[in-house]
Each structure stands twice: as structure tokens, then as C-alpha cells.
Amino acid sequence: MLTVHHLGRSQSERIVWLCEELDIPYELKTYARDAKTMLAPAEYKALDPIGAAPIISDGVVVLAESAAIVDYIIAKYGQGRLTVGVDDPAFASFLYWFHFANGTLQPALGRLMILSRLNLADDNPMLLAMKARLDRAFDVVEARCGEAHYLAGTAFTTADIMIGFSLTTMRYFQPYDFGRLRNIRGYLARIGARPAYQHAMAKGDPGMKLLLS
């Protein structure tokens, strides 16, 4: 049985969402963050040397890293769904956006989150540089959401699942005002209305306000 080890308010929500979109059987084990440190509890860290979410187990397989887990589940259980074939004109766009989430956007959010906790002066050059880099990353997403229904084009794919966390729950850790980003707000309304997303969030993080605007 595929088991998703879900740490509350973490990137592991991607994997719960993926399983719901595919409508495959899986066991969901949830773990609460430490109330003081907001880090994973010891039992979660024991699953993997890094101890970061997400983690899955599937028989003897124990696997971490969002993108690796998504690729694994799609390859083993996806039956060709939620992905784009190499002969599809959207293949390159799919690859770019699938990796943009954790290759560009999530690191920019994470770096700014760390810098914001150092009580630096508002005009600190490094802080300003990271804010500008994050603005540019969101501007790229904004442009794409204005020209395509989903990131890879007309079809919803795992690229949308990958970026969803960075546009929503990650803003609990690093707030960002989407007031100027009308296209992203429209995109979030589309993915947030998907039944699989709603089911996944209700299961993994019940009661949490979803940051869809």
C-alpha cells in the first residue's frame, strides 16, 4: 500500500493532492509540527535522514523529495495521466513549469523567508535583491497564467500540482500580497475549485484557511 507521510502545512500536500487527482488507493499518515519550533516531530524525521516533507513509503521503497515522488507515482500509478508526452507540442513547457516550482520559485520564497527573520534594515542590499528576485519569479508566473489555462497549456498536469503549494500554503511562512497579480488569482481560483484539491486539503490540513487569493 502506498503511504503518504504528510507533515502539516508542508510540501507534502502536493502528494496528497496528486493521489486524489489520480483517485488511487493510499494511506494517509499525518504528523503535526512542533508547537514551538514549527519543525517536524522526531517520528517524522526518523523516516528519512533529512527529515523534510514530503515522504512516501510503498512496500520496501521509502522516498523523499516532491518532484521525485511525483515522478514515481506517475510512473507507477499514473497510467499516462497528468503528464505530457515527448511528442506533444506542450512537452517543453510542461518540463519547464514542473521544475520551476522547486527550481526557482520555492527557493526564492525560502531565501526571503530566512532573510526576513534576521531583522535586517529595509534597505539591506541582500534583502532588496531577494525581494526583487521573488517579484520577477511571480511576474513570470503571472504572465503564464494570463496566456494559458494551466501551466502546460490547456490540460491540468503535475506542473500545476507542483506550483500550487508555493502559491498558497507557502505564504503562511513567507507572506506575499497577490493584489497586483490578477492572472495568478484567477489561476488559483481554477485549481482551488478542483474537487481533488479540496478533498486533499480537507484530509491533510483540516480547518486550515486556503490561501487562494
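Analyst: What follows covers the helix, then the loop residue, then the pocket. The model is predicted.

Start with helix α8, which spans residues 195-204. Its buried residues are A196, Y197, A200, M201 and G204. Viewed down the axis of α8, these buried residues fall within an arc of 125°, so they line one face of the helix. The other side of α8 carries exposed residues, P195 and A202. What does the buried face meet? The buried residues of α8 pack against two strands, β1 (2-7) and β2 (27-31). They also pack against two helices, α1 (13-22) and α7 (182-192).

Now the loop residue. T157 sits in the loop between α5 (125-147) and α6 (158-167). T157 is buried, because its relative accessible area is 1%, and the cut-off for buried is under 20%. The T157 side chain reaches the backbone nitrogen of A159 at 3.1 Å. Setting aside neighbours within four places in sequence, T157 is in contact with L82, V84, F94 and A152.

Last, the largest pocket. It holds about 680 Å³ of space. Its lining has 28 residues. S10, Q11, R33, A52 and A53 lie nearest the pocket centre. Helix α4 (residues 91-116) gives the most to this lining, with four residues. By type, the lining residues divide into 15 nonpolar, seven polar and six charged.

How values were computed: Residues are numbered from 1 along each chain as its sequence is written. This is a predicted model: local features need pLDDT of at least 70, side-chain atom pairs count only at pLDDT 80 or more; totals for chains, interfaces and linings use all residues. Side-chain values use heavy atoms; hydrogens and water are left out. On a 1 Å grid over the protein atoms alone, a cavity is a set of points where a 1.4 Å probe fits but cannot get out, and a pocket is an open set with protein on both sides within 12 Å along at least five of seven lines; lining residues have an atom within 4 Å of a point. Grid points are joined across faces, edges and corners, and a volume is the space filled by probe spheres set on the points. Ala, Val, Leu, Ile, Met, Phe, Trp, Tyr, Cys and Pro count as nonpolar, Asp, Glu, Lys and Arg as charged, and the others, Gly among them, as polar. Buried means under 20% relative accessible area, exposed over 50%, partly exposed in between (1.4 Å probe, protein chains only). The arc is that of the directions from the helix axis to the C-beta atoms. Contact means heavy atoms within 4.5 Å. A polar contact is a pair of N or O atoms within 3.5 Å; within protein, one must be able to donate a hydrogen and the other to accept it, and residues adjacent in sequence count only if both atoms are side-chain atoms.
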